[in-house]
Amino acid sequence: MAEKAVNGMYEWRLKAPNGRVVGVSTPQFRTAVEAVRGCLALREESAEYLARITHKKEGVGWVWTVPGPQGRPLARSPRAYERHATCQNAFRKFIALLADTPAPETLTGQHLGDGEVASRETELAPRCR
């Protein structure tokens with residue numbers, strides 16, 4: 001679900017069918033609806049994305065990001081992974097789930113987070129929440 005960050009902005013989280021978060025937005029959005037639409041926009045070109053996998057400077061672990069225009073990340077791993085190969089696999093799962101996200105559907109009355117409810121016109125995908 002789109003979640004409100006500490007600064008009052010929103011971000012999306014892509015969840016696997018088991019409920020585990022597999023990717024999160026790096027950009028933040030003014031509304032929950034914009035956050036969900038940002039996830040859907042990312043889906044359109046998911047087959048062409050490559051991961052930038054780096055080791056965290058502090059602590060142990062590898063993280064992936066999806067670089068966007070001007071090098072600004074569009075999405076990132078939800079956590080650090082102990083092994084490089086595990087991080088690569090996590091990115092592959094993210095891309096597969098993103099590409100498999102169903103076409104937008106209208107979810108009238110769907111709770112988006114922080115009291116915001118989807119209107120009749122709001123198009124959302126079930127996994128980008």
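Analyst: A contact means heavy atoms within 4.5 Å. Among contacts in the protein between residues at least 6 apart in sequence, 49% join residues at least 24 apart. This is a predicted model, in which local features need pLDDT of at least 70, side-chain atom pairs count only at pLDDT 80 or more, and totals for chains, interfaces and linings use all residues. Residues are numbered from 1 along each chain as its sequence is written, and side-chain values use heavy atoms, with hydrogens and water left out.

User: Why is the pair of W12 and F94 called stacked?

Analyst: Rings of Phe, Tyr and Trp (its six-membered ring) pair if their centres lie within 6.5 Å; planes under 30 degrees apart count as stacked, over 60 as edge-to-face and the rest as tilted. The ring centres of W12 and F94 are 6.5 Å apart and the planes meet at 5 degrees, so the pair is stacked. W12 lies in the loop between β2 (10–11) and β3 (13–15), and F94 in helix α2, 82 residues apart.

User: Which residues do ring pairs link into a cluster?

Analyst: The cluster consists of W12, W64, F91 and F94. The structure holds four aromatic pairs.

Note on methods:
Helices (H or I, at least four residues) and strands (E, at least two) are DSSP runs, numbered from the N terminus.
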